[in-house]
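Sequence and coordinates come first.

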2 protein chains.
Amino acid sequence: MPRIAYLGPQGTFTEQAARELTADFAAELIAHDTVHSALEAVRAGEVEAAGVPMENSVEGAVPSTLDGLVAGDPVVAVAELVLPIRFDVLVRPGTDPSEVTSVASHPHALAQVRGWLSRELPRAQDVPTASTATAAVEVENGTADAAVVAPVAHRYHSRLTRLASDIADVDDAVTRFLLVRRPGHLPEPTGADRTSIAVVAHDEVGALGEVLSELSLRGINLSRIESRPTKDRLGAYRFFLDFDGHVADTRIGDALTGLHRRCSEVRFLGSFPKADSKPVSVRASDSEQAFRRSMRWLSEVRRGRTA
Amino acid sequence: MPRIAYLGPQGTFTEQAARELTADFAAELIAHDTVHSALEAVRAGEVEAAGVPMENSVEGAVPSTLDGLVAGDPVVAVAELVLPIRFDVLVRPGTDPSEVTSVASHPHALAQVRGWLSRELPRAQDVPTASTATAAVEVENGTADAAVVAPVAHRYHSRLTRLASDIADVDDAVTRFLLVRRPGHLPEPTGADRTSIAVVAHDEVGALGEVLSELSLRGINLSRIESRPTKDRLGAYRFFLDFDGHVADTRIGDALTGLHRRCSEVRFLGSFPKADSKPVSVRASDSEQAFRRSMRWLSEVRRGRTA
């Protein structure tokens, strides 16, 4: 049974994501303390893959994942998952909501249900914890009255009962997760794929603009750009780019070779089916057929057969 | 002996250019009345090649050549020549300069020696002719006293004498000529080559900008751009582009396939050694080696061997 690492502890959204990302096959999930540790386990071959959080629609990118993907041997994403972030509130059986004076959770989770808490548990004081799962332990131990947790937490804390479920101040808050492996067999193109890369542009005027032109000139839709310091020196950045298409597509390969020539570093971070399954639209001038025709034309021109 | 067409009549700069363009081999030069006729003779296989004027440093592009290159079957340039445009003045033997009251030539030629004429032949009235060579005939016939001609004219009008030679108001006036053939064997790359193409961009916002970006992104130095109406409808243009490099160069081929996909029409008009023989500078990121490395990297990424 393949072993899959994830950011623990048990009973958090990252476990839930790892379960859904591996729903197609029986997997043994291994909790790690940090994203870095989970990715190192992949690189070392201790696990088959790792489920890691990439970005949250409210909180933004997850810097430790961005940095971890490019630090060390190559790893590539083979699947993505967009998980709605909606919480359950667990209490000890028989707890009267009006008597709840403390509510435990990770500060980000508390922030995302602030409105609900002030309406439904107005007397409750925050008890910040290292993870949503730890909050459930606090309630079991009696050091807090209520815990804001991921739905999966109940699996490990079944003595507690749900005071509320499916709550979130922002209705469509989501977190995007990736399943990351060592390079090997790439997912087949589906026509609705995303490619992720990280590049360090040369330190020249207009270099980033040229990087983006390599994509736009081939009609490649850039869906996301994040920058992170390279840590070499102030003002040097690594750009994480997500765009529509699969590395097997000619226009994507063409753009990637352009970036490889132009950048001091290019990391391929994976091509995988988009979570939303929306087909990628390709301009006629960037279609496989247009590339084939243009290559054929060039070949004839070079042989002096046409002009 | 190969037959070479040129824009006649005999004794003009175009004949002189045709002679220099074919200096490496014995050729029979055939005068044609128009550039169109000379190019049609190439297309029909009646002649091996044609010498045609492309642009003059004072007068600009030669529209009939631009239009002729793209009207009909493909033709490609295999050599270029930059000819200094300096004139001789022919008179009948024994003519006293102070008695010259009329001077014949093509209006463009008269315009290019206006200063010299007003200083040296202040009493002379213009007699416009269809070509510089015809002007010499007018002097022979006695219908004009002097003719402003190409140096080669004296070969056909040796009864006339040179009143002056090597004159020009603008010291470095030059005309660029091309030797044009049917597609076939292309000239070998020399490292100091020029490529000419004609493109019709799609009628979309930013289309011309994208055409130019295909070149600039690959570090290709555009040396010339001319537009001509496509004659289909007002506002539709064909662009004639000259840039450094040879179609056999990977970065040039890469740009050309991009243009072929993006444009409604692309004509290859030739790759040939530049008249100035100045080596083309290529950025490290656009070198043959950089292209090879990037293709190898992409191939490894696609096979899942690296990332």
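In this predicted model, strand β3 (residues 49-56) of chain A pairs with β11(A) in the antiparallel sense over six bridges. Helices (H or I, at least four residues) and strands (E, at least two) are DSSP runs, numbered from the N terminus, and two strands pair if DSSP finds at least two bridges between them. Within this pairing, A:Pro53 has A:Phe177 as its bridge partner in β11(A). Strand β5 (residues 76-84) of chain A also runs antiparallel to β11(A), joined by eight bridges; there A:Glu80 stands opposite A:Leu178.

Strand β11 (residues 174-181) of chain A has six of its eight residues buried, so it is largely enclosed by the rest of the structure. Buried means under 20% relative accessible area, exposed over 50%, and partly exposed in between (1.4 Å probe, protein chains only).

| Property of chain A | Value |
|---|---|
| Secondary structure | nine helices and 15 strands |
| C-alpha span along principal axes | about 85 × 45 × 35 Å |
| Buried share of the 307 residues | 53% |
| Accessible surface | about 13,400 Å², 50% from carbon and sulfur atoms |

The accessible areas come from the Shrake-Rupley method with a 1.4 Å probe; for residues, only the protein chains shown count as cover.

In chain B, five strands form an open sheet with mixed pairing, in the order β8-β7-β9-β6-β10. Strands β8 (125-128) and β10 (161-167) of chain B are at the edges with a single partner strand each, so one side of each has no neighbour in the sheet. From one strand to the next the twist averages 25°. Strands β7 (residues 102-105) and β9 (residues 146-149) of chain B run parallel and are joined by two bridges, with B:Ala147 in β9(B) as the bridge partner of B:Ala104.

Helix α2 (residues 35-43) of chain B has the buried residues B:Val35, B:Ala38, B:Leu39, B:Ala41, B:Val42 and B:Arg43. Their cover includes β1 (3-7), β2 (28-32), β3 (49-56), α3 (63-70) and β11 (174-181) of chain B, where contact means heavy atoms within 4.5 Å. After α2(B) comes B:Gly45, with a positive phi near 80°.

Residues are numbered from 1 along each chain as its sequence is written, and chains are lettered from A and ligands numbered from 1 in the order in which they are written. Local features need pLDDT of at least 70, side-chain atom pairs count only at pLDDT 80 or more, and totals for chains, interfaces and linings use all residues, while side-chain values use heavy atoms, with hydrogens and water left out.

Technical notes:
Axes are lines fitted to C-alpha atoms, for helices over the stretch in contact, and angles run from 0 to 180 degrees between N-to-C directions.
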